[in-house]
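Biologist: Please take a close look at one single part of this model for me. I would like its backbone explained first, and then the rest of the structure around it.

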Amino acid sequence: MELTKEEEASLKGEHGETLAIAYRVLVAIGEATNADRLLPIEWAHLSGVNYNTIGDAGEEFLANLSKDAKFKVKTTVNPMGFDPNTVSKYDISEEFIKKQNSIKNSYKKMGAILSFSCIPYEIFDLPKNGTHVSFAESNAAIYANSMAHLKTNKEGAFSALASALTGKSSFSDLRKDDSRNPSLTIRMKTDQKDELTYGMLGYFAGKVAGSSVAISGVKELDRRSCKSLCAGMGTSGTCGMFTLGAVRGETMDFGKEEAQKIHDELNTTDSGDIITLGSPQLGLDELSDLSGMLKGKTFKKRCMIFCPRAVQEQARRVGFTNEIERAGGELLSDCCICLTPLIDKKDVDGVITNSVKGAYYLKTSNDVDVNLKNLAQIMKEETI
Amino acid sequence: MTLKVIVKGKAQGQIMIAKKPINFLGAVDKKTGKIRDEKHDLFGKSLADKILVFPFGVGSSVGAYTIYSLKSNNCAPRAMICSKVDITTASGCALANIPLVMATKEEYDSLTDGKKILLDADNGKIL
């Protein structure tokens with residue numbers, strides 16, 4: 001890899017140990033992915049925020065790093081383990097809360113915007129087309145490349161952190177225009193056009209595609225279906241981008257049979273004790289829709305609804321939350337379905353959700369059974 | 001022979017070869033450096049101060065923090081040699097400043113367990 005004199009000096013530690021660590025990470029990942037140089041990025045979105053995922057080793061590292069590190073570019077962060085406003089209602093240990101707060105403080109000290117959201121593309125203004133960013137949240141990276149006209153690799157926790165500290169990333173994979181051209185097209189062949197089907201389409205595509213894939217047979221995607229597709233794709237593989245439209249390269253079909261196979265893989269029970277919505281977290285228009293669907297209805301079961309703090313506040317101001325909370329919906333912010341300790345197998349046997357990503361992590365990490373069905377079906381079967 | 005350098009540096013020590021890939025998050029005790037996975041061929045052995053030779057890392061990327069903890073607790077390997085570099089091992093060695101190189105199959109197979117070597121990961125050489 002070719003480095004500038006300035007980068008070389010930072011790597012050698014001439015500008016302090018923090019920058020040396022950050023450049024070592026960028027160079028190591030760059031060498032591992034055959035990058036030829038580094039390039040500037042304008043925005044880093046970090047994963048590795050939830051104590052449940054990074055543990056003591058991560059907490060200690062960030063506490064150490066934050067003693068003198070400062071982020072160089074706009075830096076936003078993924079959800080953490082719980083909603084601090086409602087955490088006392090849940091059985092979360094003092095230890096967990098203490099460690100999670102330490103992680104939060106470390107990121108704050110380094111200058112992060114404490115967004116605790118997996119949908120940065122929906123709650124922040126987007127930079128101009130073609131801008132390089134560094135997104136570690138997989139659904140956000142895929143959305144950035146595919147819908148927001150931004151460029152990012154599907155970054156990991158460390159490469160995005162190093163990007164935040166240096167304002168740079170390695171010039172490889174999807175940052176290069178050649179790699180953005182898909183060599184495989186998935187032909188959408190099923191008539192089902194709900195968000196769950198698009199989530200499963202994404203999950204299917206992620207399994208079979210390389211770094212970029214084309215999807216034909218889909219003219220338009222509403223925001224809910226689009227987020228679902230991005231999240232499904234990010235869950236199952238390394239693919240970081242899709243393009244809607246014409247067939248390019250090899251083709252594969254996603255029809256009824258393929259959808260059924262994925263549903264069979266992720267749906268492990270026919271009923272659940274609680275309902276969870278919001279993986280990815282819901283945006284304002286989704287809360288608006290939900291509020292409309294719930295008119296005159298009540299959830300039969302406990303329903304946890306995850307959305308960013310900024311979205312919840314806006315929704316409160318315009319009144320969308322009234323109908324949702326009256327119907328029994330529980331709004332949670334700063335956290336998400338994935339890897340939250342709020343859903344524990346000692347209290348819950350099965351969880352109902354319309355999220356493919358949520359289903360995957362509930363099963364593999366929280367070890368609970370999942371009843372996967374679309375929002376319309378949840379409304380029909382789980383409310384009165 | 002020239003090894004592909006992932007994290008630069010120099011290290012001297014005894015080679016310890018793992019036949020199986022290593023899951024740093026689950027299989028390594030970060031306080032002692034010992035492999036605690038009973039199914040691993042290095043079970044019970046400590047990685048401390050060795051030149052660790054293993055195929056590649058597996059499991060959660062959070063394992064990179066474990067590599068950093070090993071170094072902070074003075075029980076990390078002095079260097080690592082892999083046959084295939086994964087992002088977790090690369091990130092972890094970068095965080096902890098542990099020299100890391102990637103060897104081709106031929107180079108990898110020529111390494112002998114227990115042998116003392118000097119790894120020059122600035123120039124990608126074994127002396």
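**A loop residue and its setting**

Modeller: D334(A) lies in the loop of chain A between β12 (329–332) and β13 (350–353). Helices here are DSSP runs of H or I with at least four residues, strands are runs of E with at least two, and both are numbered from the N terminus. This is a predicted model, in which local features need pLDDT of at least 70 and side-chain atom pairs count only at pLDDT 80 or more, while totals for chains, interfaces and linings use all residues. Residues are numbered from 1 along each chain as its sequence is written, chains are lettered from A and ligands numbered from 1 in the order in which they are written, and side-chain values use heavy atoms, with hydrogens and water left out.

The point to look at is the backbone. D334(A) is not a glycine, yet its phi is positive, about 70°. Most residues other than glycine have a negative phi, and most peptide bonds are trans. D334(A) has a relative accessible area of 7%, so it counts as buried (under 20%, with exposed over 50% and partly exposed in between, using a 1.4 Å probe on protein chains only).

Chain A also has a cis peptide bond, which joins S279(A) and P280(A) with omega at about 0°. P280(A) sits in the loop between β10 (274–277) and α11 (284–293) of chain A.

Chain A contains 15 helices and 14 strands. Its radius of gyration is 21 Å, close to the 21 Å that the globule rule gives for 384 residues, so chain A is as compact as a globular protein of that length. That radius is taken over C-alpha atoms, and the rule is 2.2 Å times the number of residues to the power 0.38. The C-alpha trace of chain A spans about 65 × 55 × 35 Å along its principal axes. Of the 384 residues in chain A, 62% are buried. Of the contacts (heavy atoms within 4.5 Å) in chain A with a separation of 6 or more, 78% are between residues 24 or more positions apart.

A positive phi is found in chain B too. N97(B) is not a glycine, and its phi is near 60°. N97(B) lies in the loop between α3 and β5 (100–102) of chain B, and its place is just after α3(B). At 35% relative accessibility, N97(B) is partly exposed.

At its start, a side-chain oxygen of D86(B) comes within 3.2 Å of the backbone nitrogen of T88(B).

Last, the place where the chains meet. In all, 21 residues of chain B are in contact with 21 residues of chain A. The buried area, which is the accessible area (1.4 Å probe) lost on being put together and summed over both parts, is about 1800 Å², and carbon and sulfur atoms give 67% of it. On the chain B side, Y65(B), Y68(B) and L95(B) lose the most area to chain A, together 34% of what that side buries.

There are 2 salt bridges between chain B and chain A, each a side-chain nitrogen of Lys or Arg within 4 Å of a carboxyl oxygen of Asp or Glu. E31(A) forms a salt bridge with K4(B), and their closest N and O atoms are 3.4 Å apart. The elements of chain B that give two or more residues to the side touching chain A are β1 (4–7), α2 (63–72) and α3 (87–96). Of that side, α3(B) supplies the largest share, 6 residues.

How values were computed
Buried area is the accessible area (1.4 Å probe) that two parts lose on being put together, summed over both. A polar contact is a pair of N or O atoms within 3.5 Å; within protein, one must be able to donate a hydrogen and the other to accept it, and residues adjacent in sequence count only if both atoms are side-chain atoms.
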